[in-house]
Amino acid sequence: MKKLSIILGMVLMYSFASAQFGGFGGGGPKIKGKISGTIIDSLTNLEVGFATISLKREGRDKIINGTLSDDSGKFEFTDITPGKYDIEISFLGYETKMIRGIETTKKKPDYNLETILLASTDILLDEVQITEKRALFENKVDRIVFNAEDDASVAGGDATDVLRKVPNLSVDLDGNVSIRGSQNVRILINGKPSGMFSANVADALKMFPADQIKRVEVITSPGAKYDGEGSGGIINIVTKKANVEGVAGTFNGSLGNRQSNASANLNVGKGRFGSTINGSMFYSHPVDGTFNLERTTTEGGATTILTQEGISNTSRLGFNGSASAFYDFNAYNAINSSFNLRGFGFDTDGVFTGALTDGTGTSLYNFNNTNVGENLFSGFDWNTDYTRTFEANDQQELVIAYQLSKGDQDTDNDITSTGSLQEFIRQQNIFNDGDNWENTLQIDYTQPLPKSMKLEVGAKTVIRDISSDSRISDIVNGEQVLDQNLSNIFNYDQDVYAGYGQLSYVIGKLQFITGVRYERTQIGGVFDDNSFDFENSYENWLPNFTVSRALKNFRNLKLSYSKRIQRPSLFNINPFVNTSNITNIQVGNPTLNPEVTQQIELSYNTRFAGFNLFGSGYYKRTTDIIEQILQLSTITDQSGEQLELSVNTFDNVGTNNSFGINMFINKSINNLNLRFGGDIFTYDATGVVNGEMRSNSALNYQLFTNGEYSITGTLKADFFGFFRSDQPTLQGSTPSFSIFGLGLRKDIKSLSIGVRVIEPFSADKSFDTTQEGTNFTQVSGFTLPFRSVGINVRYKFGKVDFKERRSKIKNTDQKGGDQQGQGGQGGGIGS
C-alpha cells in the first residue's frame, strides 16, 4: 500500500509538471493561440468590413480555416496550433493580398498582424451588373484617369483622338490641348517631360499613335513633386509597356481618305530582363483649304480695308519610334533606359491675292503671293533611371534619373510675290533652323513613416540651350544670295534649379497631401551681331495642399490648393521674323515672363441609381497671362507709298480671374455604356495691350459625349461628340470647334477590324478669329474639308505569360504589415 501511494504521488507530480512546463521531452497537451488583425483601406484609411480572410499552411493552397472581418475591419482566428501559416485577404473592389510566413510558437502562440492595408482595384459597380472589368474613368485622390487601352474605339487614331475623350480636356482642330480652357498645360510621357512638346504640342500629339497609350492622367492640382510648370495643369500619357515572359507584339494599320497610319509593337521578356520596341508612321493626304482675312483700320478720320483670300494645299508625314529596356539586378536595384526618335513634317503650296482699298472702295494697292514651304520638326529623348528600394521597407525608394533631349524645328519657304508696290515684288527663300538641347538631372527619395505617413523629397536641374538661325536670301538667277541685314542667329539659355518636399498623412477619416516646391529660373539671350541681349532671373515658391475625405457608398470629397507657373515655349520666344506673308508677319517675343496661377478646387464624386458622377468647382487667378496679340505697323515703300502690316506676336497682357464648374457622368445600361459631361467657366481679364488698357469677360463652355454599345460579344459600335464655344482674349476671340464620329468594330480572335466615319453630316468646317484694337478690327478665317472615312485593322501575336515585373523576385522574410514587394522599375523624372 505504501509503495502504491508513492507511485501515485509520482504520477500526479509528473502530470502537474507536464501541464506547467510542457513535459520532459514532449507528450504534454498542445498550446493553442490566435492570429488577428485589422483591415484598412490604403487610400481612405477607412475600415474594410466583411472581407474574406483565408488561413493556409505555409506554401500550400488548401484552405484550413476562413472568416470575415467585422464592420470595424477586425478579424481573428482562434484555436491556432503553433506553426507557420499564410493568410489570403480578398474583397470586391480590392486587390487580393497574401501575407506569408506567419509563425506562432508555443512560447508566443498569439500573432497580431495589426494594421493590414488593402489597395483598391478598378471595379465598375452598377445596379444591374457587377463586373471585374476595369472602369474606363477613375477618380483618384489627386487625378482623373482615362484607361485608354480599354477603349477600342480609339484604334487607328492618334493622341488627339484619345485626349478628346478625357474629362476636363478639350482639343481643337489643330490638336492644341487645354484644361478648363487653358492651353498652358504640361504634358508628360510616362511621368517624364519630353522635348517633343517644346516646339509645337499639337503637331507632336499627331505623331503619337493612340494604340500605344495605356492611360491618360489629368492632374488639375499637382503636388510639389511635379514641375511647377503648367499653370493649367498636368497631362500624363502612360504608354503600354507589358512586362512579359516570352515574346508578344501588335500590329495596327489604318487607311482613310484623310489620314492613314501604321504602328507596330514588340515586347520581349525573360527573367529579370525585358525590352520593348515601338514604331509608327502616319500620312495625311493632301487637302486644299481656303482662307480669308479682312482688316478695317481707321486713322485720322480715314478708313482703309485690307482683304486677302487664297487657297493652300497641305500634306503631312510623320514617324515615331522608341526602344526601352530594363534589368532588375536583384530585389532592390533596377535600371531602366529608353530612347525615342521622332520626326514630323508638312509641305504647303499656297497662293493668295490681296488688296488695300479706302472707305469708298478705291484701290490703293494690290498684290499676289505664292508660297511653297517645307517644315520639319524632329528630335530625340534618352532617359536612364536607377531605382533603389530598401530591405527594411520596400516602400522606401531612391530614384536617380537623367534625361537628354534634342528638338529641331526647321522651316523653309520659297516666296514669289508681285504687286503694284515695289515692296511686293520679290523672290526669296526664308529659312529658320531652331534647335533646343535639354539636359535634366533629378533625384527623388521616398521615406515611409509611421501611421500611414509618407515623406517625399527631391531636387532637379534642367539646362536648356536654344538657338534660332534665321536666313533670308534673295533668289537671283536661280541662286540664293544671303541678305546679311535680315539674317541672324539668336542664342537663348534657360536654366531651372528646383527642390521640393511633400508629406502625405492621415488624420482620422481625412487624407492630406501637403508640400512646397522652390524653383529658380535663369534666362539670357543674345544675337550673334550683339544687336540685342538680355538677362533675367526669378524665383518661385509653389505650395500645394490637398485634403480628401472618403464617405460611404463610394463617395469622396476633396479640397485642394496649388500654385503653378507657365514658362514661355520655344514657339513663343523664337524671334524669327516670318515674312512669308509680307502684310501679316509672325514673330516671337524672347522677353516674355512666366504666367503664375493660383487655384482652389472642391470636387465630389458619387454613385446613385447606377450613375457615376464626378463634379468639381474651382477658382483660378492667373497673372502675366501670355496671349497672342496683333500690332499694326507701317513701312514706306521705295516709291514713298505707305504699306500697312499686321505683326502677330506674344505678350504678357494682364490678369485673368476665372470661376468654373465641370461635371462628368457615366451610366451603363445592359450592353450600352454612356458618358457625357462638360465644363462651364468664366474669362474675366484686364490688362494692357499695345499700350491700351483693355478688359474682356465671357462665359465659356465645352460639352462632350461618347458611348459604346455591344451588339454581340465580338461586335461593338461606338460614337463620340465634342463642342467648344468661342475662346475670348483681350483682343477678341478664337473660333469654336465641334467634332462628331461613329465607329463599328468586329473582333475575331487575335484580329480586330473596324470602320470609322468622322463628321458624316458636314463635308467642310469653317473657323473665324476676331481681333480688335483702338483703330482696327480684323477677322480671319479658314475652311477645311473635314468628313473622313477609314478602316482599321489590328493584329496581336505571341503567346506569353504576362506578369508584374516586381513579382519576379518575392521577398517573404517580412511579416505583418504591407507584404507586397516593390522591387523593379521605379519612378524616373516624374516632375
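## Notebook: a walk through the predicted chain

**Confidence first.** Where pLDDT is low, the predicted coordinates should not be read in detail. Over the protein chain the average is 82, and 85% of the residues score at least 70.

**Ground rules.** This is a predicted model, so I note that local features need pLDDT of at least 70 and side-chain atom pairs count only at pLDDT 80 or more, while totals for chains, interfaces and linings use all residues. Residues are numbered from 1 along each chain as its sequence is written, and side-chain values use heavy atoms, with hydrogens and water left out.

**Cores.** I looked up the nonpolar cores next, meaning sets of buried Ala, Val, Leu, Ile, Met, Phe, Trp, Tyr and Cys residues joined through side-chain atoms within 4.5 Å. Buried here is under 20% relative accessible area, exposed is over 50%, and partly exposed is in between (1.4 Å probe, protein chains only). The largest core has 21 residues, and Leu163, Ile213, Ile235 and Ile237 have the most contacts inside it. At least two core residues come from each of α2 (159–163), β12 (169–171), β13 (177–179), β14 (185–189), β16 (213–219) and β17 (233–239). Helices (H or I, at least four residues) and strands (E, at least two) are DSSP runs, numbered from the N terminus. I then checked leucine 163: leaving aside neighbours within four places in sequence, this residue touches Leu169, Val171, Val177, Leu205, Val216 and Ile235. There is also a second, separate core of 19 residues, with Ala51, Phe75, Tyr85 and Ile89 among them.

**Salt bridges.** I found 19 of them in the structure, each a side-chain nitrogen of Lys or Arg within 4 Å of a carboxyl oxygen of Asp or Glu.

- Arginine 100 and aspartate 86 meet at 3.8 Å, N to O. Arginine 100 sits in β6 (residues 97–104) and aspartate 86 in β5 (residues 83–90), so the bridge ties together parts 14 residues apart in sequence. Arginine 100 is partly exposed at 32%, whereas aspartate 86 is buried at 3%.
- Glutamate 644 and arginine 295 have their closest N and O atoms 3.2 Å apart. This pair links distant parts of the chain, β35 (residues 642–669) for glutamate 644 and β20 (residues 273–299) for arginine 295, 349 residues apart. Glutamate 644 is buried at 16%, and arginine 295 is buried at 1%.
- Glutamate 759 and lysine 765 meet at 3.4 Å, N to O, and both are buried.

**Serine 338.** I stopped at this residue in strand β22 (residues 333–358). Serine 338 is buried, at 16% relative accessible area. Beyond four places in sequence, serine 338 is in contact with Ala323, Ser324, Asp381, Trp382 and Asn383.

**Aromatics.** My search of the whole structure gave 29 aromatic pairs. Rings of Phe, Tyr and Trp (its six-membered ring) pair if their centres lie within 6.5 Å; planes under 30 degrees apart are stacked, over 60 edge-to-face and the rest tilted.

- Phenylalanine 352 and phenylalanine 367 have ring centres 6.2 Å apart and planes at 85°, so I logged the pair as edge-to-face. Phenylalanine 352 is in β22 and phenylalanine 367 in β23 (residues 363–389), 15 residues apart. Phenylalanine 352 is buried at 8%, and phenylalanine 367 is buried at 2%.
- Tyrosine 365 and phenylalanine 424 make a tilted pair, 5.4 Å centre to centre with 50° between the planes. Tyrosine 365 is in β23 and phenylalanine 424 in the loop between β24 (397–419) and β25 (426–449), so the pair ties together parts 59 residues apart in sequence. Tyrosine 365 is buried at 2%, and phenylalanine 424 is buried at 0%.
- Phe291, Phe352, Tyr365, Phe367 and Phe424 form one aromatic cluster.

**Charges over rings.** The test I used is NZ of Lys or CZ of Arg within 6 Å of the ring centre and within 35 degrees of the ring normal. Lysine 667 lies over the face of phenylalanine 611, at 5.1 Å from the ring centre. Lysine 765 turned up again, over the face of phenylalanine 786 at 5.7 Å from the ring centre.

Technical notes. pLDDT is the predictor's confidence in each residue, from 0 to 100. Contact means heavy atoms within 4.5 Å.
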